[in-house]
Number of protein chains: 2
Amino acid sequence: MDFLSAGASCAGSAPAGACAPSADAAGLCSVEDVLDRIGSKWSVCILVAAASGPIRFSALERAIPGISRRMLTLTLRNLERDGLLVRTSYPTVPPRVEYSMTPMAVELQAALLTLTTWARRHQADIAAARARYDERTPG
Amino acid sequence: MDFLSAGASCAGSAPAGACAPSADAAGLCSVEDVLDRIGSKWSVCILVAAASGPIRFSALERAIPGISRRMLTLTLRNLERDGLLVRTSYPTVPPRVEYSMTPMAVELQAALLTLTTWARRHQADIAAARARYDERTPG
DNA sequence: CTGTATCCCAGCAGATACTG
DNA sequence: CAGTATCTGCTGGGATACAG
């Protein structure tokens, strides 16, 4: 539990304890909150799609098959609210809106890369583990 | 949902690469699956609590304030199914069960460290961004 | 001590339709 | 093009009670 001990809170509102020695000042969002945001269903897809540079709403829609217009908008708003994306609208006609990553989001990409690497390296292991588990546990 | 379904992309039914502009043919959206797992509300807490060595059910319960017995069990089962935790039960009385991390999970800790480091470093920035956004957008 | 089983609800998320 | 609005179903997760 080394890496959460320096002021990260395990659960958002958890009192200080073995897992939540929160040194946060009041009002700061916890690491948990941040991870919740990152772990939401479409955030990573959007962040990845925006990695190469500013990207338009419709381009995002095309780049992320399966996402609904509603969820795209919602997730973009959240990302923007957290200061990870910047929304720039050009008052042309038809309207044109671009989303670009902030420096903070660029840093996040590096962090996500570590996870990606781990995930790809262990994809097979996890699949195998699941298969084994499911076979042992017919229920 | 299936971790290994070949060509699985962001939404699980999307063509490979559609969501992954970066240069990974395997589909970066395996990250989605990983984050879904580790991004679930309690997984990280449990992983962190188990980092120091084998830990008992009751110890986990105490270490993670706010977690319900139900969610602790459920999350442990998922982690075990994915091959991240190993469950060892000693047929003593009263019963004693220990959970320990697999090597794969140990590697994951390193990946999580990168993320949590980022999260901690930008906690204040994110909180500030949110405050700013909420002020600019009252309704 | 280590779980299961059940009920229940808030919020996420999909589908669809409408608008500046 | 880039969204909003609304309805609705689904599931994660809390509370509680029971069990091996």
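A cavity is a set of grid points where a 1.4 Å probe fits but cannot get out. The views below show a predicted model.

**View 1. The second largest cavity is lined by residues of chains A and B.** A search of the whole structure finds two cavities of 30 Å³ or more. Helix α1 (31-39) of chain A and helix α1 (30-38) of chain B each supply at least two of the lining residues. The largest share, three residues, comes from α1(A). By class, five lining residues are nonpolar and two are polar, with no charged residues.

**View 2. Helix α5 of chain A crosses helix α4 of chain B.** The axes of α5(A) (residues 103-136) and α4(B) (residues 69-81) come within 8 Å and cross at roughly 115°. On the α5(A) side the contact is made by Ala129(A), Arg130(A), Tyr133(A) and Asp134(A), and on the α4(B) side by Arg77(B), Glu80(B) and Arg81(B).

**View 3. Strand β3 of chain A pairs with β1(A) and with β2(A).** Strand β1(A) (residues 55-56) and β3(A) (residues 96-101) are antiparallel and share two bridges. Ile55(A) has Tyr99(A) as its bridge partner in β3(A). Strand β2(A) (residues 85-90) also runs antiparallel to β3(A), joined to β3(A) by six bridges. In this pairing Leu85(A) stands opposite Met101(A). A hairpin is formed by β2(A) and β3(A), with five residues between the two strands.

Key: Residues are numbered from 1 along each chain as its sequence is written. Chains are lettered from A and ligands numbered from 1 in the order in which they are written. This is a predicted model: local features need pLDDT of at least 70, side-chain atom pairs count only at pLDDT 80 or more; totals for chains, interfaces and linings use all residues. Side-chain values use heavy atoms; hydrogens and water are left out. On a 1 Å grid over the protein atoms alone, a cavity is a set of points where a 1.4 Å probe fits but cannot get out, and a pocket is an open set with protein on both sides within 12 Å along at least five of seven lines; lining residues have an atom within 4 Å of a point. Grid points are joined across faces, edges and corners, and a volume is the space filled by probe spheres set on the points. Helices (H or I, at least four residues) and strands (E, at least two) are DSSP runs, numbered from the N terminus. Ala, Val, Leu, Ile, Met, Phe, Trp, Tyr, Cys and Pro count as nonpolar, Asp, Glu, Lys and Arg as charged, and the others, Gly among them, as polar. Axes are lines fitted to C-alpha atoms, for helices over the stretch in contact, and angles run from 0 to 180 degrees between N-to-C directions. Contact means heavy atoms within 4.5 Å. Two strands pair if DSSP finds at least two bridges between them.
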